[in-house]
Amino acid sequence: TLTVSNAKAHKQTKGNYPAHKAILSCVYEGLQVPLDTGLRIESRWFANILLGDVARNMVRTKYFNINRADRLPSRPTGTHEKQFKMVGIIGAGTMAVGIAHASVCAGLTVVLVGRTNEEAQQGKNQIAALIEKGASKVLDSKLSKTQMLQNIQPTTDFSNLAGVQIVVEAAYEDPEEKRDTVQNTKEKVSPDVFFTSNISTLPLSSLTPNYSDPKKFIGLHFFSPVTRMKLVEIVVGKETSDETLFTAIDYVNLIKKIPIVVHDSNGFYVNRVFETYVQEGLALLTEGVSPALIENAALLSGMPVGPLAAADEISLKSIRCIARERELDLGKSYVPFPGEQIISQMVDREHRLGKKSGKGFYEYPADQKQYLWPELSQLVATKSNLENLRTDSIKKRLLYIQALEAVRCLEENVISSPEDADIGSVFGWSFAPHTGGVLSLIHTIGLKAFVKECDLLAQGFGDRFIPSQYLRDRAEQEKPFYA
C-alpha cells in the first residue's frame, strides 16, 4: 500500500514537494517502532521540512507576501479608503461577466453595458448561472442570490452609467473597439468618474488619449477565468494620478482580488515574463529536442502545463501576430526569437493554429484527452544525440529564462518589488509554486551562483541567457532580493 501511495504522491508532486515524502516516511518508519520513538521520528521529519527551501519559499510568498499585499503597500499613504456603491462594466463577454460577478458578490450594483439588449441580458444570465453554481461563496458574499440578481442592470445605453463611481471597460481586445468604447463612455459619465480598462496586450498609452481626463485613466489586467484567478495587474500610465491608483487598488481589494501594481509597457509583467517560457519551449523544439521531453521536463520543473500546450492555449496565430507587431515597432533593432520559424511553419504550411481551432502542437479530439501531434517530431527533425536532452538542463532553461526576464522587469520598474514579482508569477501563471516565485528561485540558488549558471547557459544556448549588469552588480554587492 505504501509503495502505491508513494507512486501516487510522486505523480502529483513531481518530486517538488518534500512534505508528501516526509508524511509517508513517518507512517512507514513509525509503524516499525514504539510510539515514543515514532513521535520522535515524526518531529525530526517535520523539522527537516520546516527548515527546507521549499517551505521557506512557499511560506514567504503565500503567507507573508500575500499578507503584505492585503495591507495594500502600493496604496499611497495618507489617503482614505474609497467607498463604492455602483460600478459600470462595459462588455458582456467572458471577462466582463467574471468581473461583474465578482463586483456583485462584493455587494455592488452593476450596470452591465452590452452592444445589444440580447448580449447584455445574456451576460446577466451567465452571472446568474455563476451565482447559482455557488461561485459567489468564494467571495463570501453576504447578499442573497435574489439581491445579487436585482443588483445587475443590463443595458445598451451608456447614459445609465451616470451614477457609477468607477467604470471597468472589458470590451474585446480590439484597439478600435476599445477606443470607441472609451469615447462613448467619456461623453456619458461625470468627469469625476474613474475609468479602468481591462487590457492584456494593448499598451495603456494607446487608449489614454481617448478619455477626457488621462489622470483618471488606469488599466486593470484580470486573468481568465476571473472566478478562479485571484491576481489583478493594475497598470499605471504616465499621467495616472495617485488618487486613481488608490481608487483602483481599493476596488480590486473590495472584490477580493490580489493587486500588484505594474507600469505601462509591452506585455506588462505577467505576459511579458510568461512569453519567455513559451519561446524557450519553441527554441528547444527548433533545436531538435523531442516534444514529449520538452513537455514532461516542464511539468517536472513544477510548471502546470508544458510550453507547447501553453502556446496552443495562446494560439499560434496570435504568437506570430505579436512577433510581427514587435518587428514593426522595433525595426532594425528587432531580434527574432529562435522559435519563430516553427510557428510560421505551423500556421502557414500546416494550418495548425492552436487549441481553439482544434489542432496545434497537440491534437484535441472531442472524445479523449489531448495528445501531441504525432507528426511534430518529423517536422522539426528531432535529434537523439543532443547534450541538452538531459532533463535537468531543459528544466533549468525553462525556469531560468523566466527569472531573468522578471529581473529585467524589476530593473526597468515595470514591477515595483520582489514581493509583487513573486506573487505575480505564482498567482498569475503558476510559476513552479514550490520555488516561491521567480525571484525566490534566484534567492534560493544564490545571486552569484545564478549569474554563473546563466553565463554557462548563454555560452551554450544564446545571448538571451546573459544576465543584465543590474543583476551582476547585485551579485557582486551581495544584495539579495530578500533579507
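**Close-up 1. Helix H17 and the elements that cover it.** In helix H17 (residues 418-428), ten of the eleven residues are buried, so that the helix is mostly covered, where buried means under 20% relative accessible area, exposed over 50% and partly exposed in between, with a 1.4 Å probe and protein chains only. The buried residues are Pro 418, Glu 419, Asp 420, Ala 421, Asp 422, Ile 423, Gly 424, Ser 425, Val 426 and Gly 428. Their cover includes helix H4 (53-70), strand S7 (231-236), strand S8 (258-263), helix H10 (270-286), H16 and helix H18 (438-445), contact being heavy atoms within 4.5 Å. Helices (H or I, at least four residues) and strands (E, at least two) are DSSP runs numbered from the N terminus. Just after H17, Ser 430 adopts a positive phi of about 55°. This is a predicted model, in which local features need pLDDT of at least 70 and side-chain atom pairs count only at pLDDT 80 or more, whereas totals for chains, interfaces and linings use all residues. Residues are numbered from 1 along each chain as its sequence is written, and side-chain values use heavy atoms, with hydrogens and water left out.

**Close-up 2. The buried face of helix H8.** Helix H8 (residues 175-186) has twelve residues and spans 17 Å from its first C-alpha to its last, close to the 16 Å expected at 1.5 Å a residue, the expected span being 1.5 Å times one less than the number of residues. Lys 178, Thr 181, Val 182 and Thr 185 are the buried residues in H8. Viewed down the axis of H8, the buried residues fall within an arc of 100°, and they therefore line one face of the helix; the arc is that of the directions from the helix axis to the C-beta atoms. Among the elements covering these buried residues are strand S1 (86-90), strand S4 (166-169), strand S5 (194-198) and strand S6 (217-222).

**Close-up 3. Two nonpolar cores.** A nonpolar core is a set of buried Ala, Val, Leu, Ile, Met, Phe, Trp, Tyr and Cys residues joined through side-chain atoms within 4.5 Å. In the largest of these, with 91 residues, Tyr 269, Phe 361, Trp 429, Leu 439 and Phe 481 touch the most other members. Helix H16 (residues 391-411) supplies the largest share of this core, eleven residues. Another core, of 38 residues, lies apart from it and has Ile 131, Val 168, Ala 248 and Val 252 among its members. Leaving aside residues up to four places away in sequence, Phe 481 touches Val 407, Leu 410, Pro 418, Leu 439, Ile 442, His 443, Leu 447, Leu 471 and Arg 474.

**Close-up 4. Two helix pairs.** Helix H11 (residues 291-301) packs against helix H12 (residues 307-314) at an angle of about 95°, with the axes 8 Å apart. That makes H11 roughly perpendicular to H12, since angles of 65 to 115 degrees count as roughly perpendicular, under 35 as roughly parallel, over 145 as roughly antiparallel and the rest as oblique. Pro 291, Ile 294, Glu 295 and Ala 298 of H11 make the contact with Pro 307, Leu 308 and Ala 309 of H12. In the other pair, the axes of helix H2 (residues 18-30) and H3 come within 9 Å and cross at roughly 170°, and the two helices are therefore roughly antiparallel to each other. Axes are lines fitted to C-alpha atoms, for helices over the stretch in contact, and angles run from 0 to 180 degrees between N-to-C directions. Pro 18, Ala 19, Ala 22, Ser 25, Cys 26, Glu 29 and Gly 30 in H2 meet Gly 38, Ile 41, Glu 42, Trp 45 and Ile 49 in H3.

**Close-up 5. Leu 112 in strand S2.** Leu 112 lies in strand S2 (residues 109-113) and is buried, with a relative accessible area of 0%. Not counting residues up to four places away in sequence, Leu 112 touches Ile 89, Gly 91, Ala 100, Ala 120, Gly 123, Lys 124, Ile 127, Gln 153, Pro 154 and Thr 155. Leu 112 and Asp 157, which are 45 residues apart in sequence, are 9.7 Å apart in space, C-alpha to C-alpha.

**Close-up 6. Backbone details.** Most residues other than glycine have a negative phi, and most peptide bonds are trans. Ser 224 and Pro 225 are joined by a cis peptide bond with omega of about -5°, and Pro 225 lies in the loop between S6 and S7. Lys 256, although not a glycine, has a positive phi of about 65°; Lys 256 lies in the loop between helix H9 (242-254) and S8 and is partly exposed, with a relative accessible area of 49%. Glu 478, also not a glycine, has a positive phi of about 55°; Glu 478 is found in the segment after helix H20 (469-476) and, at 57% relative accessibility, counts as exposed.
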